[in-house]
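Please look through the sequence and the structure below.

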Amino acid sequence: MTGTASRGVRFGAMTRNNDIWLVNNASSGSNDDTALAALEECFNEHGLRLCGRSVFPDEELPTPAVLDAAGVGCVAVFAGDGTINSLIARLEGWGGAVLVLAGGTMNLLYQRLHGDRSLEDVVSLVAGGAAQRRRPGVIRSELGDAYAGLLAGPGASWGRVREAMRDANVAELAAGTVEAINETLGGEMIACIEPGLGRREGYPLVMLTPHDSGIEVDGYYAESTGEYLEQTWALLKRNFREGPHDTLGVVRSLRLASTQGNPFGVLVDGEQADAPASVEFKLAACGVDLLATEADAR
């Protein structure tokens with residue numbers, strides 16, 4: 001099942017007195033006090049009243065029952081993709097809508113929903129009724145749903161390097177980079193089966209990206225020093241997509257399997273998970289409405 005058709009909505013029609021609940025994560029990439037104060041001021045300037053707030057993970061995420069009792073129809077989440085993932089999963093089946101804002105390191109789901117728009121422009125459009133309620137396509141598996149993207153394979157150890165970069169931990173960054181090199185060049189491979197895509201011997205890293213029409217599949221490799229340096233440069237710019245890779249196609253479902261029959265690592269929206277030797281991934285619809293100011297064209 002793919003995402004539902006978009007529906008326009010006036011903000012005031014989905015909340016009481018334009019009330020909004022804010023979720024943020026103090027450890028996310030853009031969540032310092034100055035940024036939060038600027039966000040609250042932006043809400044005020046556009047007539048949105050902050051009536052509740054949850055600071056994750058120190059506080060529990062709001063439930064549909066809590067939000068309904070407060071008369072709130074919109075939750076804004078100012079955090080990274082991992083926190084956003086947890087919130088959307090928590091609100092599955094809720095009748096309100098989630099406004100994803102760029103408050104993390106990568107902000108991939110924000111880009112999917114809003115393109116290159118600034119946070120201020122997004123808030124203005126939402127408050128003015130120009131946003132659409134969408135249930136975009138997501139990647140579903142026994143590991144949970146991925147709304148921004150999924151990385152699978154020994155190369156997923158690069159996620160630990162990314163976390164060290166986010167925390168500006170130089171020692172962990174150096175150690176993590178060595179570990180990622182060893183795992184990427186010497187670890188077992190991940191193959192795309194059912195359907196068979198790309199190299200039979202597999203790839204050290206497979207990236208799955210959800211779209212409304214299907215799951216985009218890319219296989220990343222590093223067979224030479226030059227290609228490895230390209231991958232390292234892509235990492236330093238915090239963008240795996242610029243590394244050397246094969247574009248394998250767009251599918252509605254596929255199975256990833258370790259070529260040696262062992263469990264492998266996965267990053268689901270940037271959060272680590274352990275997968276069995278073989279996992280099926282399917283396109284599904286998001287379980288709650290997300291507010292979007294730009295349509296997913298693919």
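Where is Pro-195 found? Pro-195 lies in the loop between β10 (190–193) and β11 (205–211). Helices (H or I, at least four residues) and strands (E, at least two) are DSSP runs, numbered from the N terminus.

## About the model

This is a predicted model: local features need pLDDT of at least 70, side-chain atom pairs count only at pLDDT 80 or more, and totals for chains, interfaces and linings use all residues. Residues are numbered from 1 along each chain as its sequence is written, and side-chain values use heavy atoms, with hydrogens and water left out.

## Cis bonds and positive phi

The peptide bond from Glu-194 to Pro-195 is cis, with omega near 5°. Glu-194 is found in the loop between β10 and β11. Its phi is near 50°, a positive value in a residue other than glycine. Glu-194 is exposed, with a relative accessible area of 54%. Here exposed means over 50% relative accessible area, buried means under 20%, and partly exposed is in between (1.4 Å probe, protein chains only).

Another cis peptide bond runs from Phe-56 to Pro-57, with omega near 5°. Pro-57 is in the loop between β3 and α3 (64–69). Asp-269 has a positive phi of about 50° and is not a glycine. Its place is the loop between β15 (264–268) and β16 (271–275). Asp-269 is buried, at 6% relative accessible area.

Why is strand β2 largely enclosed by the rest of the structure? Strand β2 (residues 19–24) is largely enclosed because six of its six residues are buried. In a regular strand the side chains alternate between the two faces of the sheet. Both faces of β2 are covered. Asp-19, Trp-21 and Val-23 are buried on one side. Ile-20, Leu-22 and Asn-24 are buried on the other.

β2 pairs with strand β3 (residues 49–55) in the parallel sense, over six bridges. Two strands pair if DSSP finds at least two bridges between them. Val-23 stands opposite Ser-54 in β3. β2 also runs parallel to strand β4 (residues 74–79), and four bridges join them. Trp-21 has Val-75 as its bridge partner in β4.

Helix α4 (residues 81–90) is mostly covered, with seven of its ten residues buried. Among the buried residues are Asp-81, Gly-82, Thr-83 and Ile-84. Asn-85, Leu-87 and Ile-88 are buried too.

Tyr-147 sits in the loop between β8 (144–146) and β9 (150–152). Tyr-147 is buried, with a relative accessible area of 4%. Tyr-147 and Ile-84 are 63 residues apart in sequence. In space they are 8.8 Å apart, C-alpha to C-alpha.

## A negative patch

Which residues gather in a patch of negative charge on the surface? They are Glu-41, Glu-45, Glu-120 and Asp-121. The elements that give two or more residues to this patch are α2 (33–45) and α6 (119–127). Asp-121 is found in helix α6. Asp-121 counts as partly exposed, at 43% relative accessibility.

Patch residues have over 30% relative accessible area and no salt bridge, and like charges are joined within 9 Å. A salt bridge is a side-chain nitrogen of Lys or Arg within 4 Å of a carboxyl oxygen of Asp or Glu. Asp and Glu count as negative.

Key
Patches are made of residues with over 30% relative accessible area and no salt bridge: like charges are joined within 9 Å, nonpolar side chains (Val, Leu, Ile, Met, Phe, Trp, Tyr) within 5 Å. Accessible areas come from the Shrake-Rupley method with a 1.4 Å probe; for residues, only the protein chains shown count as cover. The place of a charge is taken as NZ of Lys, CZ of Arg, CG of Asp or CD of Glu.
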